[in-house]
Amino acid sequence: MPSGVPTCAARVIRNNFLEYGWGATLPSETNKLVRSISGEASAMYRMQTSRSRPVDSISLISALFWEHRQLDQQGIVSTPRILAKISPNDDLELFCREKEYSKEAIGKIRKTVDGGMISMHPVFGPIRHREFTLWPIAIDDIFVTIILRIESRPATLLAPKKFFDKTVTEYAIIDPFAKGRAQRREFLKRRLARVLAEGCIEFPAEATVKDIVVSDIKESWTAGHVAYAISREFLRRLKVLIHRRQSPEKNQCTDFLWSEFEEDYNVDAYRESIMAGCAHHTIENSGYLVRMALEVPSPKSGHNPETLVSPVYFMPDELYKTSVPFTEVTMVPVEPRSEEKEDITVCQDIKDESESKDSDYSDYSDDSYESDDDNDDDDDDGDDDYDNPKYWASAVIHTPLMPQPAQQEGAPGPEHSNNDEVPRSERNSIPGPIPGLRDQDIAQILSDADADTGNPIQIDVTTQAVAWDIGSPKQAIPVSMLYVPEPQVLPPTPNEHMPPSLPVKRPVEVEDEEEWPAKKVKMDN
């Protein structure tokens, strides 16, 4: 039997990666380890009681400690925490409004002067020698995030015990809760100057104030969650700064560090991330003697899963089985739409002996141009199929800039003659289906058209779209706009706006589509 008393009855979920060990007796070293990390484990357990429970300082800072360790250069930022002697889980009340407690707290970190030597509390070591300081502080149970940029300055002795050799050059105070924000901000500035002075760090009034814009929160219990999210985002931006400084350009710009916090708050995601950070922080501090396991607690453990359920709807995971019936359907048009008044097919004969040679269209005799006609069972070569108008392909651009075909000289037709420029308002086309038309065939068609007209033609393989310059800005169409028209044939007509070898369709109105220390450093508590 284990020497330690179980905390509660629970079932650890069995898995092949979790071997049995219940029959072994735990050594005394294990019990000592459990007692040493009980406070850190508490940081994680606190986040599993209720989603609306405010974040404790121990949970928030433990998660930030772990996020801090993810930086390649951890010495760029300080994330301080000062514990009171009463309990290792409580912070020293440096920012308490009650003078009695705050005076006692500041007295515990007050510097001492012995001749020409000044001794300071070890908390100021990282703060003084690191470029940035990230410090979430709870004031009246509202977490406010402080970001400082500290640089060296000429040593100045202003009074017998007022000596500064560091100064704050830039700072930001981020408070997402509107009620009492101005009072908290002014109190924090005064108290912060008093605390930093014990580390010989000046907090001048002329320091540059940086505004990191965040959205306001409606409920005060979410302030700790948001403070974690903001701190995590600033650590992420520091990763970017480290990367840029290591690049050949050695970009030193830091303006982006103070940009707006562009994120919609997700309290449940923040709570779960804090849990993960606390768990990993505990595991690492134990030398990986601790591991995580998933358990199912007993009803007597006091676990209330209802208090953890998020009110937000989650879409189901995209996990599918092959044994379920197919349910997703879509409609594929078989023929071009013909109910519109102007759904008129006008084609030009591709095989025009006077305008092109047979060799120009030798690649068209391919099986990919098989007809959808069920009665067409011929297995002849491509030359016979070529003469059939069913197999002619046409590149159609869905745009109102397509010119209408010019009329034969002297022949009756539209009000514009072939010598007049066709107005843009009358230039149209129509989409249609693709009966087995391959991409390489489309490319060949457009390549031949380019050779005939000299107009640039482009094919976008990624979007399967074609761009054709017809004397106006290039218009892109999906491949589905390529069609095989009805076998209505008209005499060949020269047209200066498009290749004479490609037929054109008249328009149909189509609706637009909606569119985070490398080695563990033990701080003195």
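Colleague: Does Ile76 count as buried or exposed, and at what relative accessibility?

Modeller: This is a predicted model in which local features need pLDDT of at least 70 and side-chain atom pairs count only at pLDDT 80 or more, while totals for chains, interfaces and linings use all residues. Residues are numbered from 1 along each chain as its sequence is written, and side-chain values use heavy atoms, with hydrogens and water left out. Buried means under 20% relative accessible area, exposed means over 50%, and partly exposed is in between (1.4 Å probe, protein chains only). Ile76 therefore counts as buried, at a relative accessibility of 6%.

Colleague: Which residue meets Glu131 in a salt bridge with an N to O distance of 3.0 Å?

Modeller: A salt bridge is a side-chain nitrogen of Lys or Arg within 4 Å of a carboxyl oxygen of Asp or Glu. The partner of Glu131, at 3.0 Å, is Arg245. Glu131 lies in the loop between helix H5 (124-129) and strand E5 (132-139), and Arg245 lies in helix H7 (residues 223-246), so the pair ties together parts that are 114 residues apart in sequence. The residue that counts as partly exposed, at 22% relative accessibility, is Arg245.

Colleague: Lys166 is buried yet has no salt bridge; what is the nearest side chain of opposite charge?

Modeller: Lys166 is found in strand E7 (residues 162-174). Its side chain is joined to that of Ser152 by a polar contact of 2.7 Å; a polar contact is a pair of N or O atoms within 3.5 Å, where within protein one must be able to donate a hydrogen and the other to accept it, and residues adjacent in sequence count only if both atoms are side-chain atoms. Lys and Arg count as positive and Asp and Glu as negative, with His and the chain ends not counted. At 6.1 Å from Lys166, the nearest side chain of opposite charge is Asp165.

Colleague: Cys200 is not a glycine; what is its positive phi?

Modeller: Cys200 is placed in the loop between H6 and strand E8 (201-202) and is among the contacts of Lys166. At 2% relative accessibility, Cys200 counts as buried. Its phi is positive, at about 60 degrees.

Colleague: How far apart in space are Val195 and Ile109, C-alpha to C-alpha?

Modeller: Val195 is found in helix H6 (residues 181-197) and counts as buried, at 1% relative accessibility. Beyond its neighbours within four places in sequence, Val195 is in contact with Leu94, Phe95, Ile109, Phe124 and Trp135. Val195 and Ile109 are 86 residues apart in sequence, and their C-alpha distance is 8.4 Å.

Colleague: How much accessible area do Ile13, Leu294 and Val296 have together in their nonpolar surface patch?

Modeller: Patches are made of residues with over 30% relative accessible area and no salt bridge; like charges are joined within 9 Å, and nonpolar side chains (Val, Leu, Ile, Met, Phe, Trp, Tyr) within 5 Å. Val296, in strand E10 (residues 295-297), is partly exposed at 47%. Accessible areas come from the Shrake-Rupley method with a 1.4 Å probe, and for residues only the protein chains shown count as cover. Together, the three residues of the patch have about 300 Å².

Methods. Helix = DSSP H or I, 4+ residues; strand = E, 2+ residues; numbered from the N terminus. Contact = heavy atoms within 4.5 Å.
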